[in-house]
Amino acid sequence: MARQREEDLEHLLRRAGFGATDAEVSAYARLGFLSFPTAAAHLTNYGVQPDDVDDHIGRAGYAGVTAQAAFLPASNINDARQRWLFRMVHTRRPLQEKMTLFWHNHFATAYSKIAGAVGAPEAARMLAAKPSEDPGRVKGQLELLREHALGNFRDLLIAVAQDPAMLYWLDGRTNVRARPQENFARELMELFTMGVDTFAEADVYAGARVFTGWNLARPGAGPAQHYEFSYNAAQHDTAAKEFTFPIYRDGGRVIPARAPAAGIEDGRDLINAVVRHPLTGPRLALKLYQYFINEVDAPDTALVNEIAGIYYARNYEIEPMVRRLLLSPQFRDSSNHYKRYSWPVEYVVRAVKEVGWTGFSVGDTLTPLVNMGQQLLEPPDVNGWELGRGWFSTGGMLARMNFGAQLATNQKFNLRDAFRGQALTPEELVSAALDRLTSQEYSAGSRAALADYVLAGAPWTGSDAQLSTKGSGVVHLILGSAEYQLV
Amino acid sequence: MSITRREFVRGGVAAFTVGFSAPLFLSDLARVHGQSRRNLVVLYLSGGNDALSTLIPYTDAQYYARRPTLAVPAGTVLQIGSDSAGNALGLHPRLTGLRSIFNAGRLAIVQRTGYPNSSRSHFEGTDIWSTGDPSSPQGTGWLGRYLDRLPSPVDPLTAWSTVREIPRTLLSRTVGVPSIPNAQQYAFASPNGGADAQYARATAARISSHLPVDQPHLSFVNATAQAAFATLDRVGEVAAYRPSVAYPNNGLALALRTVAGAMVNGVGTRVYWVQTGGFDTHAGQGTNVANGTYPTLMGTVDGALSAFYTDLSNQRLLNDTLLLQFSEFSRRIDENGSQGTDHGAAGIMLAMGGGVRGGLYGSAPNLRMGADNPTLENTSRDVRFETDFRSVYATVIENWLGGDAAAVLGSRFPGGPAFL
């Protein structure tokens, strides 16, 4: 039976989640989701849904994972990647994972540099351990981002500034009084908050001194031994620091000299200042607008300004900004649908959800994702991935097409069974496949090309053998089409 | 039409790759018409290469004073003589291959390259070096604009990025640049073998020929797919390249090996992009430690460039090839507390090839602190530029690629170093 299309709902689940299976759309519809605000509230209030997705790893009925021996997501980076992908496919809190992905790109931290310093298992732990599973109660950066996914931006920034993975990634662990380390202070201003060309070199020097002594300790013993943030008062530069932009609400630009024991307040003052900076709200608002509404056309400046206003009015809470975006008329405006280039992980997860996962392991997406240009927990640099058209090199496009081939091959028999009885003609097979995948509307010419493909080689009988060959073939071609690359 | 069937997908699930036999390419036509086979390979060292550790002023006492743990001992540097200002200079000890090329007169080193008010941002700095426009580093790249000025139709393999993204340097208004990080994987897979795989490829090509003018985002993706289909088979031939020397097993060397293969196969590419990272050495730079971070970086560059140079020499392609290296900035003169160096300003550029007049160009900085020292800036923290990087680009465009430098760069940049 053809899917009942609920375009607004499917759009919401693609943008605020990773797409939806037929069954999920029906289930959401039964929950009263046809009222769009109810649906959006359901997604933003994800806290009422149990965070139990990890319990399903390895269970029948879910996508598989591929492990060498044991599945060790807190010490093996590929297992950590698989756990995150599994969550994206099966979570009942899709917006939480979607925002976690957003913050992972915003605070882009790469595993390889950390692994080079502390070894592979410790680096994976630093990035992905859950406190409940770790003998030292380590909360990896990914869990930190999940926790604050729709929380308060200031709290998130403080947590990130004290996150061991970040302290390795931007070298804060070695930032000491005698020779300050500029890396974190620069990126805090340039990438995490205000933006490039909004500050002076003098601010970088002053900022580096602010964070002197924000280092690491390694308490515990045995398996509980772990890295954690430690303010090292003896290594803090206690002298005053002057900035070119206001640090305090009264316009004061100087962080005062403080006793060593109180020096950690310097960092809090600077983080408060950059969070409050008049360019931080608009910058975050634009990033969120392009993530949720439209990155293809010129931004709707009125809406971006409104979101930036909410950022300041609601004391840097993220949830009201995102909720407003989802409930805005612009979100539902069909001219904004399919106006964002999917990130490779979005493409892969949506394809798995829509094509099927019985007998498929999320481990089989890891190499294709590398070829598409998005290896999770390994962004190319602290600026994150090159979004939008940046994903679509020829090599990246072939990698997407080839993942489509791999998935369609894997699901050949499931697709045959799904299409049986729905494909009396080539056109019906094409319709059934397009119906299964929530692609943007296909042009008549493209539909005709797909129907010609179904007919190529032999007259159409609709036999099981043909359904298996041409069903997987048509699905592959849709997954590889331009229309399917957009969300 | 030929069909190759080989297993493509892991996990015991077979898909099939499809190839077509090669038609007559524009490059062949160009060859027949006796056009130039010259090519340019741009090498980007990402992260901001510490030029003072690549080209070492080993007689400057300030170098040792300002880098107490990171200075390379004078006795270990590979001396290459003095620049025109009389500064004695040497290469990092791991650059033995480059020293041989320098001694053969085929490596030029342009000192203190940069631009006024150097950006210390990786991303803005890279954009500036890519566009050649410090005041507005958006839009197309300098080589993209060179491609834009080539007579149409421009063959889709005229440029080749060996990384997954298209670097801004190659971003063009009218010419799609393929990204081919791995020639072996640059193939089209299908769930079915045999004739059906051929139908699938033909259908995918047909669907992607749809370029709706009212949906430029869709047209863009389809144009990318079209460029992939137009380059697949020629690239497939490159994947079988057997080089004349063993290349080291690292990303840069393998990329250069692929570049050499493309040249030997005469695919017609004129501009290649290769890149290697890890130069953002804020901590633990280990400049003078046996297997330290920086020596490893130098070893990677040296091994890859040496193999490439020798391979091209054996293949008699050296005279057709120019390799040009840059990085987004160099690093601060003083080391920081993490035995590393933070973001700085002017650095060096390297040019290597059979047509290069080797040697040291420009003058080394004087590392003495003081407002009266014109070779430094930012209260003597960083090296000030002497040669505008765009004058180097102008030299390459005019004297190597035969393009119109003023048109490509938007202005004339005379007085570039005469290494070509």
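Tutor: Two residues are in contact if their C-beta atoms, placed from the backbone, lie within 7 Å. The model is predicted, with local features requiring pLDDT of at least 70 and side-chain atom pairs counted only at pLDDT 80 or more, whereas totals for chains, interfaces and linings use all residues. Residues are numbered from 1 along each chain as its sequence is written, while chains are lettered from A and ligands numbered from 1 in the order in which they are written.

Between the chains, 55 residues of chain A are in contact with 53 residues of chain B. On the chain A side, two or more residues come from each of α11 (183-192), α20 (394-410), α23 (444-455) and α24 (464-479); helices are DSSP runs of H or I with at least four residues, strands are runs of E with at least two, and both are numbered from the N terminus. The greatest contribution is that of α20(A), with twelve residues. This side of chain A comprises 18 nonpolar, 26 polar and eleven charged residues, where Ala, Val, Leu, Ile, Met, Phe, Trp, Tyr, Cys and Pro count as nonpolar, Asp, Glu, Lys and Arg as charged, and the others, Gly among them, as polar.

Within chain A, the assignment gives domain 1 (7-47 + 340-485) and domain 2 (74-276), with bounds from an automatic or database domain assignment. Their centres, taken over C-alpha atoms, are 36 Å apart. The contact involves 25 residues of domain 1 of chain A and 27 residues of domain 2 of chain A. On the domain 1 side, α3 (36-44) and α18 (344-355) of chain A each give two or more residues, and α18(A) gives the most, with four residues. That side of domain 1 divides into 16 nonpolar, six polar and three charged residues.
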